[in-house]
Amino acid sequence: MMNEELKEDIIQEENDEKSSRQEYSRHDFGWESFASVEESRQNQLISEIYSIMNTGDDDKLEFIKKEWQSLSEEGIDEALEERFNQAVHRYETRQERLTEAQTTKKRLIQEAEAVKQSTDWNKTATYLQKLQQDWKEAGFAGQDIDQDLWEKFRAVNDVFFDRRSEHYANLADEREDTRKVKEELIERANAIKESEEWKKTSVAMRDLMTEWKQAGFAGREFEDDLWEKFNAARQYFYQKQREFFDAMREEQNKARIGKEEIIVKAEEVVKGFNLETKREEMETLFETWKQLGHSGRDFEEKLWNEFRAIQDDFYSALKTRDASIREDQIVDIESELETLEVRIDTLEGLNDKIEAKLSSLEGQLQTNESEELQEEYESLKVTLDDNRKKIDEYNETYNKLSSQADRYK
């Protein structure tokens, strides 16, 4: 299909031919002279130049030029000569534009080829749209080659845009799958959010969060709503967990304060020790101590060592006092035996409570791998072993003193 510029050239040529025919008709020849035949042929040659404007045929143009030259040897009308030269100039100018358009469009095809396998979908689509605009601006490339170039350029574009369409279709399917996966994760989070197995459930919540991140993107229309539901279940559990441990720390803090007060009172008992001081004063403090519970691993051992040292001072003072008012060794021995009995009973009583606590912790650890529970369990086991060793030592001492007392009797 001819472009507008070529149409204008042909129309101009037809007008020129009409003008020429009108001019020569004034001579009113009665026969067709040789000159008129030549002029007719020259008009044909000019028309033939216009006929190859779109296809481009340099060989034919050279042939036309030679024939024109041969016709010009007999002389030629200046108007025809001007029209002929104008046609040749238009042809050559036209071919330059066609060649330039061909070069540009071949380059655009190569540039499109270079990115047709790209996966940078948005950037590449914008780039190809720019190439398409450049294609339009390149102009007509020739009657036969322009369509061929266009088919190649369009095919390259189709490769990318077909791939992009397939990608987004697959992406839509993937996001649908992701949405279903995240809905399932929400259900699983809701199923365990009421759990009080803090360690185990904390691990489970972290695993769910890992799965959530690995699931991918569910689409802008779903992602925010899904996240709000999922995170709400997580935060519900974590809030309960915080409240539990806050309450536990509060109880431990109360126990710490209570035991610090007992230590102060025990020190006052030791400082005010006299003949009227009763063993029950220290024993009462110790019973209160046991009832207060655990004060936390950061304080419990330190407080107990302080209190036990004060007890040792108390019972040492008690022993000294009793020894000073007794007249014989047997009384001293019996006092020591009594002290050992208290120590043994105290430790055995404490061990009973520790064993009960350990049994409880063992049950909890089967379902709750809390680090704090594990540390408390190990600490109590150590304390229990130390107490048993001490009891063995006390029993050994007790047996020796009993044997000695028997010998004194």
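Which residues in H7 meet which residues in H8? In this predicted model, local features need pLDDT of at least 70, side-chain atom pairs count only at pLDDT 80 or more, and totals for chains, interfaces and linings use all residues. Residues are numbered from 1 along each chain as its sequence is written, and side-chain values use heavy atoms, with hydrogens and water left out.

Trp198, Thr201, Ser202, Met205, Arg206, Leu208, Met209 and Trp212 in H7 meet a set in H8 that includes Glu223, Leu226, Trp227, Phe230, Phe244 and Phe245 (contact means heavy atoms within 4.5 Å; helices are DSSP runs of H or I, at least four residues, numbered from the N terminus). By class, this contact of H7 with H8 has 13 nonpolar, three polar and four charged residues (Ala, Val, Leu, Ile, Met, Phe, Trp, Tyr, Cys and Pro count as nonpolar, Asp, Glu, Lys and Arg as charged, and the others, Gly among them, as polar). The axes of H7 (residues 198–215) and H8 come within 11 Å and cross at roughly 160° (axes are lines fitted to C-alpha atoms, for helices over the stretch in contact, with angles from 0 to 180 degrees between N-to-C directions). H7 and H8 are therefore roughly antiparallel to each other (angles over 145 degrees).

H8 (residues 220–271) also packs with H9 (residues 279–292), at an angle of about 170° and with the axes 10 Å apart. H8 and H9 are therefore roughly antiparallel to each other. Among the contact residues are Ala255, Gly258 and Ile262 of H8 and Met282, Leu285 and Trp289 of H9. This contact of H8 with H9 has 10 nonpolar, two polar and three charged residues.

How values were computed:
Helices (H or I, at least four residues) and strands (E, at least two) are DSSP runs, numbered from the N terminus. Angles under 35 degrees count as roughly parallel, over 145 as roughly antiparallel, 65 to 115 as roughly perpendicular and the rest as oblique.
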